[in-house]
Structure formats: C-alpha cells, structure tokens
Amino acid sequence: MKHETVETNAGLLIILTLAVISVGGLVEIVPLFYINDTIEDVEGVRPYTPLEQRGRDIYVREGCYTCHSQMIRPFRDEMLRYGHYSLAAESQFDHPFQWGSKRTGPDLARVGGKYSNEWQVQHLIDPRSVVPESIMPGYPWLIENDLKYSDIQARLRALRRVGVPYSLNDEEYQANVERFGEETARWLDINRAEENLVAQARAGNYDGNPSRITEMDALVAYLQVLGTMVDFTQYDDGYFVQFR
Amino acid sequence: MSKPTEKKGAVQTTGHAWDGDLQEYNNPLPRWWLWGFYATVVFAVVYWLMYPAWPVGNTFTKGFNTITFEVDGEERTTHWNTRALLVRDMQSSPSAVRQREFLEQIAAASYEEILTDADKLAFVRSYAHGIYGDFCAACHQVGGAGIVGLYPNLANDDWLWGGTVERIEETLIQGRLGYMPSYRETLNADQMTDVAVYVLSIAGYEGGDADAIGRGDRIFHGAEGGCFQCHNVGGVGRTSQGAPNLTNNIWQIIDVPNAADHDARVELVKSVLRNGIQRQMPAFADRLSPIEIKVLTAYVHQLGGGQ
C-alpha cells in the first residue's frame, strides 16, 4: 500500500491508526484473561447477596465512584492508612468494577466494619453532622425511598449471564454448595432472591427502622461488606507475592 | 515568510502536491532524534530482560531482576514485582525502620512509662494523631470532644466503660454496645416525670416538689424502674454496664445544661426513657495491630481524662 493512499484517505487512516494503537492495549489486557496467576487463590470471596447487590446498584446510581475509589494500591502509605492492598480476587464478581482513581474522598475498598451502621446512616444523610469539614454531599432521600426489589431476579440473572455464579437451577446450586458452602449457596439462589433480600434487611436492620426496607438498608449493607470477605491473618507476608 | 521556491532545487521533496503547489520537503530525521529512538529500543530490550514482560502460554517471562524479603525470619527471593517491593519496603525502608524502632520501644514499655516519658509521649501523640484521624475522628471528632447524643467525649474524666488503660484497651479491642432499654411500655407519663425530676435532682438541678423526687427515687431504686441495676445506687454509674454517672452534670446523650428551663430538662430525660439508647463502638481487634491499639490507648488516656 502506498503511503500516499493512506495519507489521502481519511477513513483508511482512522482504521489503520486504531489498529496500531490497539496493539498496546491488547498485549497488556488479553493475557490477563488466561494467565493462571491473575486471580489469587484465596478463600472467602463470594458474590454479593441480593441486598448488597441492590446497594451496589445504588452506589453506582448515586455516582459515589466519582469521588471514591475502591482500590488500595500496593504502597506503604496506602497500607498504613487503608489496610491490605486490594486483590484481583476481591473484585472478581464486580460488574462493573469500582476500582477508580479519583479520590476526592477516601478509598472505600475496606470500609466494611470500620464504622457502625448508625454512623453510616448519619453520615449519608448529613455528612457534616459527623465530619464538620466534609465536602461530601448528603443523600437524605435514601432513608425515605422504599427499596425497589421486584426486579431483583432479573438483575441477578443479568449478572449470571456475565459469569457471576448466582444459581438458577439445582445443578448450579449444588456447584455453589461445593464452592462456597451451603449457607452462602442459599444466598446466591436466584429463585430465593426476594425472600433472601427481605430476610437480610430485617435481620441486619441497617437503617435503624426494622419496619421498612429502604435504599439506605441496601447501601449500608453493601458498604459494610466491602473488603471484609478475605481473612488476611490466614496468609503470610509473602503469600500474595507469588501471584505477580 | 521565506520563499520556498528558491530552495526547491537543493532539498528533495516528497513529490506530493496539494492545492496546486503545496509541497513537503523530505528532510532526513535529525541525528539526535534518531539516536534517541534507537536508545529507547535498547532500553525496551533491557527492560524485557530485567522485569516481568511477555506473556508466554498461561504464564509470563519474569525477568532476571530479583527482590529479597523476609517471611518469619526466613529469606525469600522472587522476581521483581510491586508486591514484593512493597513487602521489602514495609520491612526495610528507612522510614519503616525508624518507625519500627519507636514502636518497639512503645511495645516494650509499660503504660506508666509511656505516659510519663516525654519522648515516648511525643511519639505516641504524633503517631496516634494519624491513626486517630483515620479510624476514630469520624465519630469521636478531632481532639476527642465527641458529639452529644451520638458519640461520647473521650477528653473528659467521665467514662462509660472506665478510663483506666486496661478498660480503654478493652474498649478498643472488643468494641462496646451501649444499651439502655426503652421504658415506653413499663412507665407511664407521670412516673417518667417523677423519675426524671429525681435524676435531675441528683445532678444538682432544683425543681419539682419533694414528693415527686421521693416517688422518682423509689422508681429508680425499685423494681419498677430498676435504674440502679445499671446506674448504681444513687446513680453514680457502673462501668461494667457502660452506664454513666448521672450525678456529675456531664451529659452524653441529652444536652441538659443548655436546655431552656426545668420543664425542658425534664422533657429531655423523658425522651431518653421513652426511646431507650442503643449505640455501638466498633471492635478494632481485626483492623488495628496490638501495638496500634496500645498507642491509641495511651493517646486516649492522655487526652485529659485518664484514670
């Protein structure tokens, strides 16, 4: 092909340019899908329960990711502040992942259990009532809005289609029992999604009002599970090094 | 503008012509640029040899560069990667080493030594300032002032669970659940008023007649209220229950001192009786190391109210 043909043909130039620059991306990204060590061999990570998953949807809807990352990078200062660096395994069921790099507020990858439910609720309604210098906006409607969950099965089915192991039939359920244990497998059963969601919200009473299931219940349930699934005391300093 | 047509004979052009007479010189690349380009190629090859680079099958080339760190006193060497770099950084970077020296001193010292030694205390203050800011200030506020009704003050000498270093440490490790039942079902409005008047009287507020105070006293110390079981006889508090001293006019849940008049104060106490209290201090055993908990305990103790 003559240089002149490419230079004088804008459409062709665009296609060839895209082809050349995509090589860089492909070489870096594609191998991650088949290299054995990409996802660490670690116990405890499971897909979100229906309630947590709805909370995650609200997290995305409200745009929390525009100010908060969920990715503790492997640097000393980050470890000292936020805890163990994030593992690939910990976001293997996230679609889409919330890693991000914009930190107007702190990283939330391990915020689960850091504060009480009451603090989370208070802080989300009015951040400046607990952190006077905060610039985070308030989300008071979350405690007023009833959580819509009639479509929860459809949402879980969509995630199942992209590979998250929610179970739809007995065979898949048995596979989950084997992989995650009986109790977790029950939470991941799509046929019992509504029932599970209501049960968790009632028992957890995240928003302090047991008589209603609000969007606040879901969001706080999600925040409280972030970064808590892996028990890092089980692994020594060198364990995760072997996966890189 | 110089006149391009003059130089046309000297330098070759690409031969393209746009718009009639618009042409391009075909100059060779500058020497420095070309060598710079070759240098990047050489750099890339060296980099591939030294660091993890190319995917091969279901693994990748690891490179010759290595990092050595320790696991349980044993040396371990791996190919270069950021995780190993971090482990080494946590173990042997100058700032980590310096910090560890101080932390080991703190770990070896008793609380009494820490709280009386100016150097150690200065380290505790500066180190705790950071972790207190990350883990505690969102609730207890900077400086430990707390928020009335939400989170207790840590800087005064009024303690729910006790202000000795042992009790503070226990609070941090296992967390606390502050619980007082609601009396909505057990006391009627008049009884609530009586016991509220009594509670205010032991805190030093005058108001309400002697009869009401007497009735309130009996509810407080009798089976009906049973307040004494948690708040102790005379309302002096019981740290095993996390129940505050009600006689010292320091209020954590309701803002009695700033209430307008006695009726407003009674209303505030009654609101506690109606609603009960339930609030939680999270456990930090899993989140903070024993030494961080020790530093924070000493820090909280020296905020002003340690016993």
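B:Asn232 sits in the loop that links helix H11 (227–231) to helix H12 (262–275) of chain B, helices being DSSP runs of H or I at least four residues long, numbered from the N terminus. Though not a glycine, B:Asn232 has a positive phi of about 75°. The model is a predicted one, with local features needing pLDDT of at least 70 and side-chain atom pairs counting only at pLDDT 80 or more, while totals for chains, interfaces and linings use all residues. Residues are numbered from 1 along each chain as its sequence is written, chains are lettered from A in the order in which they are written, and side-chain values use heavy atoms, leaving out hydrogens and water.

B:Asp19 is another non-glycine residue with a positive phi, near 55°. Its loop runs between helix H1 (4–7) and helix H2 (31–50) of chain B. With a relative accessibility of 75%, B:Asp19 counts as exposed (over 50%; buried is under 20% and partly exposed in between, with a 1.4 Å probe and protein chains only). Over in chain A, the peptide bond between A:His95 and A:Pro96 is cis, with omega about -10°. A:Pro96 belongs to the loop between helix H4 (76–82) and H5 of chain A.

Now for the helix packing. H5(A) (residues 117–125) and H11(A) (residues 215–225) pack at about 120°, their axes 10 Å apart. That makes the pair oblique, the class left over once angles under 35 degrees (roughly parallel), over 145 (roughly antiparallel) and 65 to 115 (roughly perpendicular) are set aside. Axes here are lines fitted to C-alpha atoms over the stretch in contact, with angles from 0 to 180 degrees between N-to-C directions. Contacts (heavy atoms within 4.5 Å) involve A:Val121 and A:Leu124 of H5(A), among others, and residues including A:Leu219 and A:Leu223 of H11(A). By type, the residues of this contact are seven nonpolar, three polar and no charged.

How values were computed
Helices (H or I, at least four residues) and strands (E, at least two) are DSSP runs, numbered from the N terminus. Ala, Val, Leu, Ile, Met, Phe, Trp, Tyr, Cys and Pro count as nonpolar, Asp, Glu, Lys and Arg as charged, and the others, Gly among them, as polar.
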